[in-house]
Amino acid sequence: MERIAHVEKLRLKFPGDTSLLFKDLSSTFYKGEKVLLLGPSGCGKSTLLQVLSGLIPHSIEVPMKAEELVSPTSWGYVFQDPDSQFCMPFVDEEIAFVLENINVPKQQMIDRIHHHLQQVGLHLPDIHTSIQTLSGGMKQRLAIASILALKPDVLFLDEPTAMLDPKGTKEIWNVLKEVGQEKTVIIVEHKIDHVLEFIERIILFNEAGQIIADGPKEKILSTYKNEMREQGIWFPGVWEEYLDTTPLLRSRKPFEKKEKVLEVQNFKGFRQKEEKILVDDLQAYSGEWIVIKGENGAGKSTLLHAFMQFIKTTGHCELVGIAIKKVKKQTDFMTFVFQNPEFQFVANSVYEEIAYSLKVDKVDSREIEIKVEELLEWFQLVDHWDKHPYQLSMGQKRRLSVAASIVKEQKLILLDEPTFGQDSKNTFALLEWIEELRLKGTTIIMITHDEQIINNFATRIWTIEAGKVISDEIQSMNMKTELVSV
């Protein structure tokens, strides 16, 4: 078999870290293979992809050494964060930039651009659309389209569907499976149900970045289930195991309407004078866990941005009984977790990031210390307390953004896809933390595409379609309690 990528005795250490990420790691990938790198958040899967592609150390300077490093000559890389790979400001220009680099004649470009956008299901009224106006899921589709335009021999895919709804996830994987049939494909993915029929080989990592198994997928999944469970790695059936063994869910208290925390009527949100979201009449009460669902681009994030007054709004909006524009300090009552965690980091270390809002409020230093240490422990960030937030993996960044946002335990917490990029252990820990807050009376409004979260945690569902809330549905807890006790 032809060797397409190889690393021998890799050692790598990020600046500021006290220990090596990889210690003499070796692995070989062969032409035409479909390989899944599987491991807990922060174990180095994305870093290994960057080493194999040559991005590290040639484009990203990270201290490393290896006895041998072989990278493919023709490859494309889909990043976990699509914003990090865009070079141009507009959709058509982004794909045109790729086509120019492979010498596609200008007269062929428009047809090729339309073809690749249709390939990934990115339907736009005008292809000359600003990338920054797209939703996270739409950006992810564009990132994949730009890589497909390159027609590479090797695809490096770092959670390419993390921000997509279930329908979009299925569509994109169908496309990737089709175009990847004759290619070498190396994948990092937590949503493994969609890739298991496609991949042939699994490389299994532990939290220290060590390879604990490497072989055919059937053997890995059947032989190493205990190790996967211990490491918090997603595997088929892990949700069912969790639901069947979690006392917190078995004893969920049914929702009772108490304090009205948020009320909106004839509420509209605008971007550049264009109406993007409309809500006729909605209320949220203490102790509710409201999930917002809808397709990518429907307006879910825009609704949360409108609640937070990040964009221009009109209409009636009350927060804890006060007109929102008259609330002196909204963050005393409401907090927001961004879809992209880097958008909210303000401090130079993980510890300081969590402590920041408490210090602003001049909370007693001992109380701050206790609270921060509790959150570091809960969100598996103890070993990273002194790192700069940008040094963390995407999953760790996501956990930090949640921890820093909820440290004050406000009455209303808005979360935009808080579990994407998380392993099972950290997903369940986060959900349990949120459930404990709900039981204390906190109101949760969360955007998620995860049907398990919707079915097992939501007390209410708001569905958005084309910028309008089209349904408000109470979710029965009794049904869920019966489900998890089966």
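Guide: Let's begin with β1 and strand β5 (residues 68-70), which run antiparallel and are joined by three bridges. Keep in mind that this is a predicted model.

Visitor: Which residue in β5 is the bridge partner of Glu8?
Guide: That's Glu68.

Visitor: And how many bridges pair β1 with strand β2?
Guide: Seven, with β1 (residues 3-12) and β2 (residues 22-30) in the antiparallel sense. Val7, for instance, has Ser27 in β2 as its bridge partner.

Visitor: What about β1 and strand β4?
Guide: Those two are antiparallel as well, over two bridges, and β4 covers residues 64-65. Leu12 has Met64 in β4 as its bridge partner.

Visitor: OK, new topic. In what order do the six strands of the open sheet come?
Guide: The order is β6-β7-β8-β3-β9-β10, and the pairing is mixed. At the edges sit β6 (75-78) and β10 (211-216), each pairing on one side only. From one strand to the next, the twist averages 10 degrees.

Visitor: Do β6 and β7 pair in the parallel or the antiparallel sense?
Guide: Parallel, over four bridges, with β7 spanning residues 154-158. Trp75 has Val154 in β7 as its bridge partner.

Visitor: Which helix packs on that sheet?
Guide: Helix α1 (residues 45-53) does, touching β3 (34-38), β6, β7, β8 (184-188) and β9 (201-205). The direction of α1 makes about 155 degrees with that of β7.

Visitor: Let's switch to helices. How do the axes of α5 and α6 cross?
Guide: At roughly 10 degrees, and the axes of α5 (residues 136-150) and α6 (residues 166-179) come within 12 Å. That angle is under 35 degrees, so α5 counts as roughly parallel to α6.

Visitor: Which residues meet there?
Guide: From α5, you have Arg141, Ile144 and Leu148; they meet Gly168, Glu171, Ile172, Val175, Leu176 and Val179 in α6. By class, that contact has six nonpolar, one polar and two charged residues.

Visitor: And what do the buried residues of α6 pack against?
Guide: They pack against α4 (106-119), α5, β7 and β8. Among the buried ones are Thr169, Ile172, Trp173 and Lys177.

Visitor: How many residues of α14 are buried?
Guide: 13 of the 13, so α14 is largely enclosed by the rest of the structure.

Visitor: Why does the span of α14 agree with what you'd expect?
Guide: At 1.5 Å a residue, the 13 residues of α14 (residues 394-406) should span 18 Å, and the end C-alpha atoms are 19 Å apart, so the two agree.

Definitions and conventions. Residues are numbered from 1 along each chain as its sequence is written. This is a predicted model: local features need pLDDT of at least 70, side-chain atom pairs count only at pLDDT 80 or more; totals for chains, interfaces and linings use all residues. Side-chain values use heavy atoms; hydrogens and water are left out. Axes are lines fitted to C-alpha atoms, for helices over the stretch in contact, and angles run from 0 to 180 degrees between N-to-C directions. Angles under 35 degrees count as roughly parallel, over 145 as roughly antiparallel, 65 to 115 as roughly perpendicular and the rest as oblique. Contact means heavy atoms within 4.5 Å. Ala, Val, Leu, Ile, Met, Phe, Trp, Tyr, Cys and Pro count as nonpolar, Asp, Glu, Lys and Arg as charged, and the others, Gly among them, as polar. Two strands pair if DSSP finds at least two bridges between them. The expected span of a helix is 1.5 Å times one less than its number of residues. Buried means under 20% relative accessible area, exposed over 50%, partly exposed in between (1.4 Å probe, protein chains only).
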